[in-house]
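Reader: Hello! Could you take me on a close look at the pocket in this model, and then at the helix packing beside the topic?

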Amino acid sequence: MESSIQAFLQAISMPWVGLTSIGIMSFLAATLLPFSSEAVFFAYLVEFPEKVLPLIVVASVGNTLGGIVNWHIGYFAKNTKDSILHANPTQTSKLSAYLRQLGSKSLLFSWVPIVGDPLTVFAGWSKLPFWPCCIYMMIGKTLRYIFIAFVYLISNNSLGIIFS
């Protein structure tokens, strides 16, 4: 079973498979699964720099949809007896109060490795408003991909590809 999952993930992570693989990997990377969408994004960008704009859109949408799944996991876990987080109630309430103080804007940092995915889950757990969370998640995740693409294209003197 594990080998078939690994074979599937290797197959879809190949840049020549297409933008669909970027969307799937970006989605999976935004869930609590330990994947990196940046590596696949970068590999595709190196192979097909002329497709930078569709690449940014597909990766951003996939990654944001994964964050939305996390938000829902947190939201529905809060209402269950057997919470998947197994968190200490006093710690949870302190963290929840802090997150509410920051509000949905805290999800601008949902792209940050290690903390970003749990942040989206905890936003749902804290019942932060859904649509503002989606918007701030999308902004943060899109800016990350734009930054990666910009740095790569500048370093290769390929920025003209975007404007041609």
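Author: Happy to! The largest pocket is lined by 19 residues, and A29, F35, W111, P113 and D117 lie nearest its centre. A pocket here is an open set of points on a 1 Å grid over the protein atoms alone, where a 1.4 Å probe fits, with protein on both sides within 12 Å along at least five of seven lines; lining residues have an atom within 4 Å of a point. This is a predicted model, in which local features need pLDDT of at least 70 and side-chain atom pairs count only at pLDDT 80 or more, while totals for chains, interfaces and linings use all residues. Residues are numbered from 1 along each chain as its sequence is written, and side-chain values use heavy atoms, without hydrogens and water.

The space in the largest pocket is about 230 Å³. Two or more lining residues come from each of α2, α3 (37-47), α6 (116-125) and α7 (130-155), with the largest share, three residues, from α6. By type, the lining holds 10 nonpolar, five polar and four charged residues.

Now for α2 itself. Helix α2 (residues 19-30) packs with helix α4 (residues 52-78) at an angle of about 30°, their axes 7 Å apart. That makes α2 roughly parallel to α4 (angles under 35 degrees count as such). Their crossing is right-handed. From α2, residues including L19, I22, F27 and A29 take part in the contact with α4 (heavy atoms within 4.5 Å). The residues of this contact comprise 11 nonpolar, seven polar and no charged.

Key
Axes are lines fitted to C-alpha atoms, for helices over the stretch in contact, and angles run from 0 to 180 degrees between N-to-C directions. Helices (H or I, at least four residues) and strands (E, at least two) are DSSP runs, numbered from the N terminus. Angles under 35 degrees count as roughly parallel, over 145 as roughly antiparallel, 65 to 115 as roughly perpendicular and the rest as oblique. A crossing is left-handed if the near helix is turned anticlockwise from the far one by less than a right angle, and right-handed if clockwise. Ala, Val, Leu, Ile, Met, Phe, Trp, Tyr, Cys and Pro count as nonpolar, Asp, Glu, Lys and Arg as charged, and the others, Gly among them, as polar. Grid points are joined across faces, edges and corners, and a volume is the space filled by probe spheres set on the points.
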